Amino acid sequence: MPSSASTRTSLRAPSAPWSSRVITGGHYDVDCRLEDPDGKVLYKEMKKQYDSFTFTASKNGTYKFCFSNEFSTFTHKTVYFDFQVGEDPPLFPSENRVSALTQMESACVSIHEALKSVIDYQTHFRLREAQGRSRAEDLNTRVAYWSVGEALILLVVSIGQVFLLKSFFSDKRTTTTRVGS
């Protein structure tokens with residue numbers, strides 16, 4: 001994966017948070033870059049395992065996110081990133097009213113905020129689970145290769161010992177020849 005880019009068309013937004021995390025591959029690090037529609041680099045980091053960044057989209061247009069793996073071309077990497085544009089729509093269409101919320105409406109708003117927090121935690125734990133699973137599968141593969149190597153070495157050593165012991169107990173016939181009689 002030399003480099004990969006994702007584009008997202010964005011309108012002017014008060015803030016646009018994004019986060020990224022390397023799930024699998026190599027040393028779990030990747031280069032990140034964010035460019036605005038004019039090609040100006042807004043964010044650039046090298047060899048990051050995870051990061052988050054909030055920027056203000058001051059222009060309409062296509063913003064470009066690039067993840068690069070140029071420094072580690074032997075391993076493929078899986079990168080998760082989350083990008084949010086703008087604010088969530090109001091929970092109630094009449095939320096912009098002047099009067100106060102009823103007790104039921106305020107309870108719904110607090111439950112909604114708590115559920116958004118739960119979604120963030122679930123995403124975090126799913127990413128950690130995927131990363132742990134990848135490491136466990138890699139370790140399992142290494143252990144399997146090591147076990148096959150040990151079995152082959154054990155087989156070669158045991159065959160060598162059989163031949164060595166067999167040579168100790170075999171009859172060696174020596175022939176002598178007399179010269180000049």
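Start with the largest pocket of this predicted model, which has a volume of about 680 Å³. Its lining counts 26 residues, and those closest to the centre of the pocket are S19, D82, Q84, K116 and D120. Select these five and centre the view on them.

Next, colour the elements around the largest pocket. Strands β2, β5 and β7 (78-83) and helix α1 (103-169) each give at least two residues to its lining. Which element gives the most to the lining of the largest pocket? That is α1, with 8 residues. Coloured by class, the lining of the largest pocket shows 10 polar, 9 nonpolar and 7 charged residues.

**The second largest pocket**

Now move to D31, R33, K44, S68 and E70, which lie nearest the centre of the second largest pocket. In total, 10 residues line this pocket. Two or more of the lining residues come from each of β3, β4 and β6 (61-68). The space in the second largest pocket is about 190 Å³. Its lining divides into 5 charged, 3 nonpolar and 2 polar residues.

**The cavity**

Rolling a probe the size of a water molecule over the atoms shows where empty space is left. How many cavities of 30 Å³ or more are there? The count is 1, and the largest cavity holds about 30 Å³ of space.

To find the largest cavity, select its lining: S20, R21, V22, V30, C32, K48, Q49, Y50, D51 and V79. Strand β2 gives the most, with 3 residues. By class, the lining of the largest cavity has 5 nonpolar, 3 charged and 2 polar residues.

Is C32 buried or exposed? C32 has a relative accessible area of 3%, so the residue is buried, the limit being under 20%. Then select C108. The relative accessible area of C108 is 30%, so this residue is partly exposed. A search for disulfides in the structure returns 0.

**A backbone angle in β4**

Select K47, which sits in strand β4 (residues 41-48). Display its backbone and read off phi: the angle is positive, about 50 degrees, although K47 is not a glycine. As background, most residues other than glycine have a negative phi.

**Along helix α1**

Zoom out and select α1, which has 67 residues. A distance drawn from the first C-alpha of α1 to the last gives 97 Å, close to the 99 Å expected at 1.5 Å a residue. Within α1, pick out E105, L127, Q131 and S134, which are buried. An α-helix has 3.6 residues a turn, so residues three or four places apart point the same way. With that in mind, look down the axis and see where the side chains of L127, Q131 and S134, all buried, are placed.

What is the helix and strand content of residues 143-165? The span is 100% helix and 0% strand, and its end C-alpha atoms lie 33 Å apart.

Key: Residues numbered from 1 in each chain as written. Predicted model: local features only at pLDDT ≥ 70, side-chain atom pairs only at ≥ 80, totals over all residues. Heavy atoms only, no water. Helix = DSSP H or I, 4+ residues; strand = E, 2+ residues; numbered from the N terminus. 1 Å grid on protein atoms, 1.4 Å probe; cavity = no way out; pocket = protein on both sides within 12 Å on 5 of 7 lines; lining within 4 Å. Points joined across faces, edges and corners; volume = space filled by probe spheres on them. Nonpolar A, V, L, I, M, F, W, Y, C, P; charged D, E, K, R; others polar. Disulfide = S-S within 2.5 Å. Buried < 20%, exposed > 50% of the residue type's maximum accessible area, 1.4 Å probe, protein only. Expected span 1.5 Å × (residues − 1).
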